[in-house]
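Here are my notes from going through the model, point by point. Have the structure open beside you as you read.

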Amino acid sequence: MGKEIWKPGNMLYPLPVVMVSMADRDGNYNIITIAWAGTVCTDPPMVSISVRPERYSYSILRETGEFVVNLTTRHLARAADYCGVKSGRDVDKFQTLRLTPVEALRVKAPLIGESPVNLECQVKQVLELGSHSLFLAEIVAVHAEDAYLDEQRRFHLEKAEPIVYSHGAYLLCGEQIGTFGYSVRRKPRKKGGKSGN
Ligand SMILES: Cc1cc2nc3c(=O)[nH]c(=O)nc-3n(C[C@H](O)[C@H](O)[C@H](O)COP(=O)(O)O)c2cc1C
């Protein structure tokens with residue numbers, strides 16, 4: 001058993017695949033699919049998205065400094081792919097895909113109604129890195145679909161069938177195999193039985 005040596009590249013997979021919605025100064029909407037996205041800070045809550053300057057979306061993001069990150073699901077996979085291969089220069093992606101723009105609370109960019117979680121974001125910093133520019137943004141409001149809340153108000157994103165992106169493919173998230181801290185949590189003793197190993 002060995003490992004092949006690959007040339008240096010972006011091999012951090014799987015990644016979230018999100019639909020980033022925005023509004024230009026005239027109120028025209030657009031959506032760009034982004035996989036180069038991440039959580040970068042808890043307090044203040046911040047995310048990053050990396051966008052190539054040649055994208056139609058780039059100048060809108062630069063000009064307005066606002067966007068919404070919309071999480072994707074099995075149901076939105078085709079739309080996410082479409083928004084990642086078609087440009088807002090040529091098509092109205094909301095209209096073509098019959099997605100529902102919903103007014104946001106804190107930004108002018110619209111939420112995508114069909115997405116289970118929407119993060120309203122305000123850009124704080126832009127870093128021109130090379131092929132991509134990194135938009136660092138603060139999350140100023142979060143919308144979570146109440147259909148996925150249980151009676152204790154716990155959110156079950158898995159019920160929305162979220163997807164990830166890995167090596168060019170869209171994948172459903174798999175089964176749960178643990179929860180935060182489970183590796184160090186003591187297992188409850190079985191009644192009358194031996195403690196497990
Ligand atoms: C799965 C997937 C992930 C993508 N991730 C990014 C990304 O992180 N950054 C980027 O600039 N473009 C990314 N793209 C490409 C853009 O989404 C694509 O060029 C899109 O058509 C740009 O739309 P616009 O011209 O309306 O801005 C991705 C495309 C796909 C399909």
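1. A spot to begin with is Arg 98, in the loop between helix 3 (93–96) and strand 7 (101–102). Arg 98 has a phi near 55°, a positive value in a residue that isn't glycine. Keep in mind that this is a predicted model. As for its surroundings, Arg 98 counts as exposed because it has 8 C-beta neighbours inside 10 Å, and the cut-off for exposed is 12 or fewer.

2. His 167 is another one to click on. Its phi is positive, about 50°, and it is no glycine either. You'll find His 167 in the loop between strand 11 (163–166) and strand 12 (169–172). With 9 C-beta neighbours inside 10 Å, His 167 counts as exposed. For background, most residues other than glycine have a negative phi, and most peptide bonds are trans.

3. Tyr 13 and Pro 14 are joined by a cis peptide bond, with omega about -5°. Pro 14 belongs to the segment before strand 1 (15–16). There is also a cis bond from Asp 43 to Pro 44, where omega is near 5°. Pro 44 is in the loop between strand 4 (37–41) and strand 5.

4. Now the ligand. How many residues surround the ligand? The count is 22, and the closest are Trp 36, Ser 57, Gly 84, Ser 87 and Gly 88. Sorted by class, the shell has nine nonpolar, eight polar and five charged residues. Strand 3 (29–34), strand 5 (46–51) and helix 1 (56–64) each put at least two residues into that shell. The largest share, four residues, comes from strand 3.

5. Next, the inside. The largest nonpolar core has 39 residues, and Val 18, Met 19, Val 20, Phe 67, Val 68 and Val 69 are the ones with the most contacts inside it. Strand 2 (residues 18–23) gives the largest share of this core, five residues.

6. Three strands form an open sheet in the order 1-11-12, with antiparallel pairing. Why is one side of strand 1 and of strand 12 left without a neighbour in the sheet? Both stand at the edges and each has a single partner strand, so one side of each has no neighbour there. Strand 1 and strand 11 run antiparallel and are joined by two bridges. If you'd like a residue pair to look at, Pro 16 has Val 164 in strand 11 as its bridge partner.

7. Last stop, His 156, which is in the loop between strand 10 (133–144) and strand 11. Is His 156 buried or exposed? His 156 counts as exposed, because it has 11 C-beta neighbours inside 10 Å and the limit for exposed is 12 or fewer. Not counting residues up to four places away in sequence, His 156 touches Tyr 148 and Asp 150. The C-alpha atoms of His 156 and Asp 146 are separated by 9.7 Å, and the two residues are ten apart along the chain.

Definitions and conventions: Residues numbered from 1 in each chain as written. Predicted model: local features only at pLDDT ≥ 70, side-chain atom pairs only at ≥ 80, totals over all residues. Near = placed C-beta within 6 Å. Nonpolar A, V, L, I, M, F, W, Y, C, P; charged D, E, K, R; others polar. Buried ≥ 20, exposed ≤ 12 C-beta atoms within 10 Å, placed from the backbone. Core = buried A, V, L, I, M, F, W, Y, C linked by C-beta atoms within 7 Å. Pairing = 2+ DSSP bridges. Contact = placed C-beta atoms within 7 Å.
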